[in-house]
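Morning, everyone. I have one structure to walk through today.

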Amino acid sequence: MSTKPKTEEPAFGKLRSFLWPIHNYELKKLLPMLFLFFCILFNYTVLRDTKDTLIMTAPKSGAEAIPFLKVYGVLPFAILFMVIYSKLSNKLSKKKLFYTAVTPFIVFFTLFSTVIYPNRAMLHPTDFCDMLQANLPAGFMGLISILRNWTYSLFYIMAELWGSVCLSLLFWGFANDITKVSESKRFYSLFGLGANFSLILAGAFITWASNSNRAAGTTYTDSWQVSLYWLTSAVAFSGVLVMAIYWWINKYVMTDPRFYDMNAQKKMKKDKPKLSMMQSIKFLAKSKYIGLIAVLVISYGMCINLIEVTWKSQLKLAYPDPNSYSAFMGGYSRNMGIVTIFMMLFVGGNSIRRLGWKFSALLTPAIILITGGLFFTFMLFNDSLAGTIAAFGTSPLALAVLFGTIQNILSKSAKYSLFDPTKEMTYIPLDQESKVKGKAAIDVVGARLGKSGGALMQQFMIISLGSIAAMAPYICGIILLLVGAWSLSVVKLSGLFKKAMSDLEAADQEPAVSASASAEETPSANAANSSSEEPAKA
């Protein structure tokens, strides 16, 4: 009796493993981790857009306050948190440490909308700040606005810390502790897709919360207070879900030997070197290869920082009230999630495979240059272009906001789909010491200079020139220099990367060649081979 061979099943199995490389029994571990990641990123998106709305639309405040806040607000609080966290880690278990770190955020954001914000007029030192502003140059407006609206500044700092603490420190630290190497290769890519779906949902929720209470006869301030209550309530609820999911994973996943073996995980752990700033700079100076990677990271961070703050200054002009600004940011987050998913699925991998590393690595600076150039064109030449643009039924401000939005969405989508993959590929041919120490050095130097360098540069120009609008031509010139240095580094790194990869492939082939040669030259091996072949021939 003959049976028809099932030729479709292997093909279907390959397609299934490509689209969904997860075994059914692994859903018990994957789904809670996905939900945990989703809730943390939902809060991150809501808080990021809300903090910008508060600072940008606050009385006598704007984008000029952001560079000062990042350096004199976020950085000191981050250092203070790490000191407290380190001391608590020596006294508390990992579970209690997780709950202790998350709880203050939930309490603060709940109190902000119910107690702090309704009493802001009593809490803010408006008269004192008016006196300071009258006696100091106009360039100090951003610094004074931090004090003038100190409760909003505190919200901004706590929102920034949520991303650093709950996402980078707590989630990824927990994921790396309980995820096996074989699982990480399949799970982590799905985390990235889940992250962008959370952007879409959070963006839609922000838009709804910002627009749902703008009834006729209701002032913007009152409407924004109700919107703020909805936003912080969602953050508090999602924060409680984070702790509940974490409890469930510890209770039912980490007690299952299929998913977690404490002894095996301890063996897999490796100490990551912690380099100081000076040690990192010295290490980067020794290696041209690692130094070029650092230039890429620093250039991206500074370009994004410089353009984003300038774009937000235009957003305030277009959307001066909190509700309209928040609704716009909700749509921005939703669209960024959609574009990033598309870029990750259809652009990033295909570009690297078909067009090569160098072309793919150059796409990100090219996107920033083109879209940034259009944004600054409509911002700098708004007066001369006003008549021409008015004929098309729009304004230079509207086009500046549009191209600034496109620039931010495309550049951040390119980071996840093109910049990060091509950057990580460059570590492959390095030896273990250079790979580990190089990443540590770039994390220290690249991250700090990329984020803080742009903010410090903006502070100097704001104090010297008085406003972001006055410093826009200089920012445009700095971005041109950064993109030029970035592109030149990509070209140089491409040659070194190709040579290193060819050397690595040659080294991998040598043992195989020598093994085959020794097998041919050894009589015993030949005899064994011939004897093993005889039964097959028979």
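**Salt bridges, helices and the core**

Let me start with Asp130. Its relative accessible area is 28%, so Asp130 counts as partly exposed. Keep in mind that this is a predicted model.

What does Asp130 pair with? The side chain of Asp130 meets that of Lys60 in a salt bridge, 3.1 Å from N to O. Asp130 sits in helix H6, residues 126–135, and Lys60 in the loop between H2 and helix H3 (65–89), so this pair ties together parts 70 residues apart in sequence. Lys60 is at 51% relative accessibility, so Lys60 counts as exposed.

Now the wider view. The protein has 20 helices and 0 strands. There are 538 residues, and 45% of them count as buried. Look at contacts between residues at least 6 apart in sequence: 83% of those join residues at least 24 apart. The protein exposes about 27200 Å². Carbon and sulfur atoms supply 66% of that area.

Next, helix H2. This one runs over residues 27–57, which is 31 residues. From first C-alpha to last, H2 reaches 44 Å. Is H2 enclosed or open? Of its 31 residues, 25 are buried, so H2 is largely enclosed by the rest of the structure.

Back to salt bridges. How many are there? The count comes to 11. Take Asp52 and Lys312. Their closest N and O atoms are 2.7 Å apart. Asp52 lies in helix H2 and Lys312 in helix H13, so the pair ties together parts 260 residues apart in sequence. Both Asp52 and Lys312 are buried.

Another pair on H13 is Glu308 with Lys412. Here the closest N and O atoms are 2.8 Å apart. Lys412 belongs to helix H17, residues 396–425, and Glu308 to helix H13, so parts 104 residues apart in sequence are tied together. Lys412 is buried, at 15% relative accessible area. Glu308 is at 17%, so Glu308 counts as buried too.

Which residues do shared partners join into one network? They are Lys51, Asp52, Lys70, Glu160, Glu308, Lys312 and Lys412.

On to the nonpolar side chains. In soluble globular proteins, nonpolar side chains tend to be buried together. In this model, the largest nonpolar core has 123 residues. Which residues have the most contacts inside that core? Met33, Leu36 and Phe112. The largest share of the core comes from helix H13, residues 288–318, with 17 residues.

Zoom in on Phe112. Leave out residues up to four places away in sequence. Phe112 then touches Leu54, Tyr117, Pro118, Thr151, Tyr152, Phe155 and Leu228.

Last stop, the surface. Trp208, Val226, Tyr229 and Trp230 form a nonpolar patch there. Together they have about 400 Å² of accessible area. Which helix gives the most to the patch? Helix H10, residues 220–253, gives 3 residues. Tyr229 is in helix H10. Its relative accessible area is 43%, so Tyr229 is partly exposed.

Another is the 123-residue core, with Phe112 among the residues that have the most contacts inside it.

Definitions and conventions:
Residues are numbered from 1 along each chain as its sequence is written. This is a predicted model: local features need pLDDT of at least 70, side-chain atom pairs count only at pLDDT 80 or more; totals for chains, interfaces and linings use all residues. Side-chain values use heavy atoms; hydrogens and water are left out. A nonpolar core is a set of buried Ala, Val, Leu, Ile, Met, Phe, Trp, Tyr and Cys residues joined through side-chain atoms within 4.5 Å. Buried means under 20% relative accessible area, exposed over 50%, partly exposed in between (1.4 Å probe, protein chains only). Helices (H or I, at least four residues) and strands (E, at least two) are DSSP runs, numbered from the N terminus. Contact means heavy atoms within 4.5 Å. The expected span of a helix is 1.5 Å times one less than its number of residues. A salt bridge is a side-chain nitrogen of Lys or Arg within 4 Å of a carboxyl oxygen of Asp or Glu. Accessible areas come from the Shrake-Rupley method with a 1.4 Å probe; for residues, only the protein chains shown count as cover. Patches are made of residues with over 30% relative accessible area and no salt bridge: like charges are joined within 9 Å, nonpolar side chains (Val, Leu, Ile, Met, Phe, Trp, Tyr) within 5 Å.
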